[in-house]
Amino acid sequence: MGRIKVLDPETVNRVAAGEVVQRPASVVKELVENAFDAGAATVKVALSGKELESVTVSDNGCGIAGEDVPLAFERHATSKISSGADLERIETLGFRGEALPSIAAVSRMTLKTKVKGALAGTLLEIDGGKVVKFEATGAPSGTTITVRDLFYNTPARRKFLSSWKTENTAVTDTAVRLALGRPDVSLSLSYGEREVFRTTGAGLLSAINTIYGETVAGALVPVSAETEGMRLEGFVGRPALSRTTRRSQTLLVNSRYVKHAGLNTAVYLAYGTLLPTGKHPFFVLHLTVDPGVVDVNVHPQKSAVRFSREREVADFIRGAVKSALFGRTGLIPGARSNPVRMPVQQRSLPEWSDVLRRLGGREDPAGAGWQPAQGETAAGAATEGVLAKEERALYGERFPALSYLGFIRPTYLLAAGPEGLYIVDQHAAHERVLFEKYASALARGGITSQMLVEPVVLDTVSVELRAVAEEIERYGFMVEPFGEGTGLLRAIPAGSDLDGALLLLADLTACLAAGDPLDHERSALASMACHNAVKAGESMAAAAVTALFDRLAACKEPLTCPHGRPTVICLSREELERRFGRR
Ligand code: ADP
Ligand code: MG
């Protein structure tokens, strides 16, 4: 007898659940997307229990007719497409007909639904994929689905979940992206009694304000551009809002949150030299394209997309963001229509390009000049590690004694030293000094704060800030809850000015609220150092430069900034001799 068997539907659904439902956040995503597809104006996500014992999503959308309810739980049963041809033009968030049967296979699910105008609704209870109750019931119009005991019958999957704190964070991140994807819908998220956020449904700026707080909402540049078959709408952060993490970047294609490296890069390229090295821009951008030119059927979780004309789309995004930032209507004071670039002639000298690369610059793929590094990709970090090692080999682990010679705009300090000519990046160097200073203050109990004479009222306290309000005190901030979603800022880190401190607060909260608690402290300290360090373009008095060199020399790791880029490079005597033809 042959050994190959067709699996029974229950097993098939459990297998599929492995792809579609990887964690509680995937349940939230699938259920809320269904609610959006059902035309809901209000969607509520309610979680309960420390270990996310239950997830309830309720909506006031179209509901499911009684006779359709069992079908909704059949695999590949969907009301959203009806033929292969429809796959070429997906206009809904769902279309695979996999979510409900997959989630039901690995949890205990209750569904209550009623179509508007119908006399009665339907109640369905499913336990590990088996229907245990199916009856008529009274219900408000719309659909409410409760998922309990996720993965109770797949212990292996449950074991692979991260800590509940991390899972909670993932749920919040997912809800935030969903809310930003459909700012015309009022979406709320609550854990037990605590409401994390509730968007108004009154548009993108309002949603951003609810989620990220007013400081962020006030530091944005609107983007709006259209070309044949494509439209880009949304907001990008002013350079001062640039963040230490990539977390606050949301790109939506036809209202679907997607990860797309190529299109993300297009946004970075638009910033050009406006973006401080190693920093990440804030953006929420809605790209609307003809459904025919984008393939969303690439990934079971539908978080990846492919474009038939990717290059064109990337160029469009780059141009649209660039003209928002630099154009006449752009809001950045003093921004030039062309970012400052290295003169082309210098690029033909390989040694200088080498120097630039070591400073963290990277060649613009379009060949137009130099662009800031785009940060912490694995490959990037590895290269930086190697380069830092080279520098170390050049003059040992310690920072050499230097005498200051002069300043090269925007950020380079020239100095003479034991091996030759040294070039120090003033921002990177100062960042290192502050990073170590703050780290030791933190280890001794906390960063000193200064009380504000008049507390500042925060009209909207961001989702992230509410989650980390206590932790933030170690970093010198004091925020007190103050009625409905508002707060009072009572203290900021000593030595900061208020405007800078508000931007730092937004970035710091993003760091602290981010996924891995092990990285929190490091990225929070790096963020503080970066915000308070002397900026590119600021000139320092000679005495200040000398003091900076001294303090850098006293650091534990003087040769790299907290992001791993070099603080100093050296043009050795041998190199000079070779360049002057003496060797
Ligand atoms: P898909 O979204 O890919 O169609 P799902 O398994 O997520 O597949 O849902 C199956 C079907 O159940 C949907 O096509 C839709 O008709 C119906 N459905 C699911 N959730 C809702 C909801 N909240 N409101 C109305 N209909 C829903
Ligand atoms: Mg769906």
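So, in what order do the three strands of this open sheet come, and is the pairing parallel or antiparallel? Before I answer, keep in mind that this is a predicted model.

Okay, the order is β21-β23-β22, and the pairing is antiparallel.

Now the edges. β21, residues 449-458, and β22, residues 478-481, each have a single partner strand, so one side of each has no neighbour in the sheet. Going from one strand to the next, the twist averages 20°.

Let's look at how β22 is held. It runs antiparallel to β23, residues 487-493, and four bridges join the two. If you want one to click on, Pro481 has Gly487 in β23 as its bridge partner.

Then there's a helix on this sheet: α16, residues 498-513, packs on it and touches β21 and β23. The direction of α16 makes about 105° with that of β23.

In soluble globular proteins, nonpolar side chains tend to be buried together. Here the largest nonpolar core has 66 residues, and those with the most contacts inside it include Val32, Phe73, Leu180 and Phe197. Helix α6, residues 164-181, gives the largest share of that core, eight residues.

So what does Phe197 touch, leaving aside its neighbours within four places in sequence? Its contacts include Ala175, Val176 and Ala179, then Leu187 and Leu189, and also Val463.

Notes
Residues are numbered from 1 along each chain as its sequence is written. Chains are lettered from A and ligands numbered from 1 in the order in which they are written. This is a predicted model: local features need pLDDT of at least 70, side-chain atom pairs count only at pLDDT 80 or more; totals for chains, interfaces and linings use all residues. Side-chain values use heavy atoms; hydrogens and water are left out. Two strands pair if DSSP finds at least two bridges between them. Axes are lines fitted to C-alpha atoms, for helices over the stretch in contact, and angles run from 0 to 180 degrees between N-to-C directions. Contact means heavy atoms within 4.5 Å. A nonpolar core is a set of buried Ala, Val, Leu, Ile, Met, Phe, Trp, Tyr and Cys residues joined through side-chain atoms within 4.5 Å. Buried means under 20% relative accessible area, exposed over 50%, partly exposed in between (1.4 Å probe, protein chains only).
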